[in-house]
Amino acid sequence: MIFRLYNTMSKQIEPLSPADPGRVTFYTCGPTVYDDAHIGNFRSFLAADLLRRWIESPLCTLESADGVPHAGPRRVVHVMNITDVGHMTDDDQADGGGQDKMVAAAQRLLDAKKSGKLPADAGIDPHDPFAVAAFYRDRFLEDARALGLKVAEEARDDPSLMPRATDHIAGMARVIRRLLDDGAAYTAGSPGSRAVYFSVEHADRYGKLSGNTLDKIRGGAGGRVDDATQQEKRHPADFLLWKEDRTHTMRWPSPVDDWDEGYPGWHIECTAMALDRLVPGGLDAARDRHAQIDLHSGGEDNIFPHHECEIAQSCAFTGAPRFARHWFHPRFLMVDGKKMSKSKGTFHTPRDLIAKGIDPAAIRLELIKTHYRANADFSMQGLKDSAKRIEQWRYLARNLMLQAKEGFVEGEADQRLVILAIQDVLSKSNSSKNAITAISDDLKLSSLFAMVDTLANAVRGNPALIVSSVAHTIPTEPMDNSDALESFNSQEQLPSKTMAALHLIDNILGVIFRPLPKSQDTGIAVYLPGATPSDEVESLLTERHDARKSKDFARSDAIRDQLAAMGYAVKDVAGGKVEVAPKPN
Ligand SMILES: [Zn+2]
């Protein structure tokens with residue numbers, strides 16, 4: 001079964017045909033780190049993660065560019081950037097007018113510090129935009145790893161897989177100089193506030209991805225961009241590559257000789273980072289070889305103008321007819337059937353949900369369970385159901401592990417029952433074949449879910465099977481795809497075989513076999529996942545302990561309130577211990 005995927009460019013479901021099916025290159029437009037990412041952002045990132053995991057799976061067969069089937073497993077080089085400069089508040093405009101988002105974030109942090117919402121020991125200077133970006137970047141990585149985003153995990157060993165725009169300014173400047181030399185870009189404005197614009201009339205396919213035409217954009221541009229900016233451009237849809245501005249908070253040497261310092265536009269960073277990181281040999285090789293990348297993803301809102309602009313400037317730079325062979329755009333997420341809204345309390349971040357004690361795996365499942373091209377509807381009830389479902393799947397895994405365990409004597413009768421139950425499920429339908437067929441058809445997961453549910457129900461519904469003291473825990477490390485495949489092919493015992501199959505499935509879903517979040521015991525308190533110990537908190541807790549000992553409850557309560565303002569919820573638990581949890585905002 002050849003894997004076919006909807007391509008936003010062709011508007012068709014078609015085989016994903018990479019240049020080298022053994023090494024697929026994949027670029028995802030990552031977060032702008034001026035705030036915590038919300039569940040809508042993560043729905044898109046997780047859909048890309050799911051796609052990447054599926055392409056890596058031994059169960060996925062690709063068709064090479066010359067039509068030859070290629071069986072997995074294979075390598076996916078997945079790069080996801082971190083935007084820490086050049087992103088304006090008015091991003092629906094190609095030339096990105098408005099205030100720099102990093103400047104807006106600095107102001108928000110300043111306000112948060114004043115109101116006590118931000119921990120006093122956050123150690124971040126809101127006046128330093130680089131520090132603001134680093135602060136939110138670290139939080140994003142924490143959230144992404146909790147939700148099982150593979151690229152964030154890999155970036156521990158190879159940070160270049162999650163490149164920061166500010167580390168690639170030189171590459172952007174090189175691309176911009178080339179575009180100027182080739183006549184695809186031009187300069188405008190007066191000294192001190194000059195700009196480099198990309199000329200869209202130079203890109204004959206501009207608008208193909210989003211279905212826009214230059215005439216439509218020309219007609220619709222009036223009033224969206226300020227007159228001065230609009231007048232210096234040759235075409236209303238021309239977009240900013242570089243702005244000379246020595247007063248900007250983040251600035252670098254300009255790509256044009258004799259210009260003052262300035263900053264890049266938003267779109268150019270992805271061209272520089274994708275080609276540098278995914279094409280062996282980097283930017284020069286990309287130009288020499290007219291390179292294309294295989295797969296590119298981003299949120300639905302990235303299609304226009306961001307991806308349209310990326311395509312125009314990338315193709316002008318490489319001389320290739322395409323920037324990416326395949327474009328992948330998951331739909332928006334709704335909450336309780338409506339757009340997420342802060343005022344209605346339906347604006348959630350994974351960070352808040354995890355702080356409420358929700359299993360990150362349940363958040364992940366809830367965000368991937370709906371087909372990526374349907375508008376998913378997130379609800380707290382759905383989240384609960386997902387958590388329950390994962391519990392059942394883990395119960396299945398525990399049983400399989402128990403039954404596969406060597407020397408498990410007392411379970412002989414149980415073992416037979418499990419085997420019968422699994423055989424029953426597998427023989428009643430071609431469930432595994434159906435699941436692979438469905439996921440190979442534009443990444444449909446429902447048959448895969450149904451198969452695991454049926455297995456889990458067969459085991460759960462069997463009263464003879466009660467997992468008690470023998471095996472409460474399941475592996476927290478997933479089995480590598482190749483090992484799982486080998487085990488699946490070589491094992492004769494049905495429980496071991498099914499366990500290997502479950503690993504193959506969960507390497508795609510990423511919800512069953514996961515490292516459990518750990519608590520930290522400092523001796524003074526037990527910090528639950530998400531709450532980080534610090535000297536200040538520790539000394540407050542010691543003071544609170546002493547206050548309680550001397551029955552000074554007013555003081556003890558005051559310290560509790562102070563900790564709450566710093567983002568820590570304190571609870572006294574059995575054995576005279578104190579438990580510290582992150583306090584939801
Ligand atoms: Zn991008």
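Two residues are in contact if their C-beta atoms, placed from the backbone, lie within 7 Å. The legends below describe close-up views of a predicted model.

**Figure 1. Ala312 and its contacts in the nonpolar core.**
Not counting residues up to four places away in sequence, Ala312 touches Phe198, Val200, Ala203 and Tyr206. Ala312 belongs to the largest nonpolar core, which has 153 residues. Ala312, Leu46, Ile176, Leu179, Phe198, Leu241 and Leu455 are the residues that touch the most other members of this core. Helix α1 (residues 39-56) gives the core its largest share, 10 residues.

**Figure 2. The chain as a whole, as background to the other views.**
The protein chain holds 20 helices and 20 strands. Of its 585 residues, 45% are buried. Among contacts in the chain with a separation of 6 or more, 67% are between residues 24 or more positions apart.

**Figure 3. Packing of helix α5 on helix α10.**
Two packed helices are described by the angle between their axes and the distance between the axes. Helix α5 (residues 169-181) packs with helix α10 (residues 303-318) at an angle of about 75 degrees, and their axes are 10 Å apart. Angles of 65 to 115 degrees count as roughly perpendicular, and α5 and α10 are therefore roughly perpendicular to each other. On the α5 side, the contact is made by Val175, Arg178 and Leu179. On the α10 side, Gln313, Ala316 and Phe317 take part. Sorted by class, the contact has four nonpolar residues, one polar residue and one charged residue.

**Figure 4. The open sheet of strands β9 to β12.**
Strands of a sheet pair through backbone hydrogen bonds, either parallel or antiparallel. This open sheet has four strands in the order β9-β10-β11-β12, and the pairing is antiparallel. Which strands are at the edges? The edge strands are β9 (185-188) and β12 (262-264), each of which pairs on one side only. On average, and with direction ignored, neighbouring strands of the sheet are turned by 25 degrees against each other. Strand β10 (residues 195-198) is joined to strand β11 (residues 239-244) by four bridges, and the two run antiparallel. Phe198 has Phe239 of β11 opposite it. Phe198 is also one of the core residues named in Figure 1.

**Figure 5. Strand β3 and its two parallel partners.**
Strand β3 (residues 23-28) is mostly covered, with five of its six residues buried. β3 pairs with β6 in the parallel sense, over six bridges. In this pairing, Phe26 stands opposite His78 in β6. Three bridges also join β3 to strand β13 (residues 293-297), and these strands run parallel. Here Thr28 is placed opposite Ser297 in β13.

Pro73 is found in the loop between β5 (69-71) and β6 (75-80). Another cis peptide bond joins Phe304 and Pro305, where omega is again about 0 degrees.

Asp442 lies in the loop between α15 (431-440) and α16 (446-460). Its phi is near 60 degrees, a positive value in a residue other than glycine. Leu443 lies in the loop between α15 and α16 too. Leu443 is not a glycine either, and it has a positive phi of about 65 degrees.

**Figure 6. Lys433 and Ser447.**
Lys433 lies in helix α15. Lys433 has 12 other C-beta atoms within 10 Å, so Lys433 is exposed. Lys433 and Ser447 are 14 residues apart along the chain, and their C-alpha atoms are separated by 9.5 Å.

Key: Residues numbered from 1 in each chain as written. Predicted model: local features only at pLDDT ≥ 70, side-chain atom pairs only at ≥ 80, totals over all residues. Axes fitted to C-alpha atoms, helices over the stretch in contact; angles between N-to-C directions. Parallel < 35°, antiparallel > 145°, perpendicular 65-115°, else oblique. Nonpolar A, V, L, I, M, F, W, Y, C, P; charged D, E, K, R; others polar. Pairing = 2+ DSSP bridges. Buried ≥ 20, exposed ≤ 12 C-beta atoms within 10 Å, placed from the backbone. Core = buried A, V, L, I, M, F, W, Y, C linked by C-beta atoms within 7 Å.
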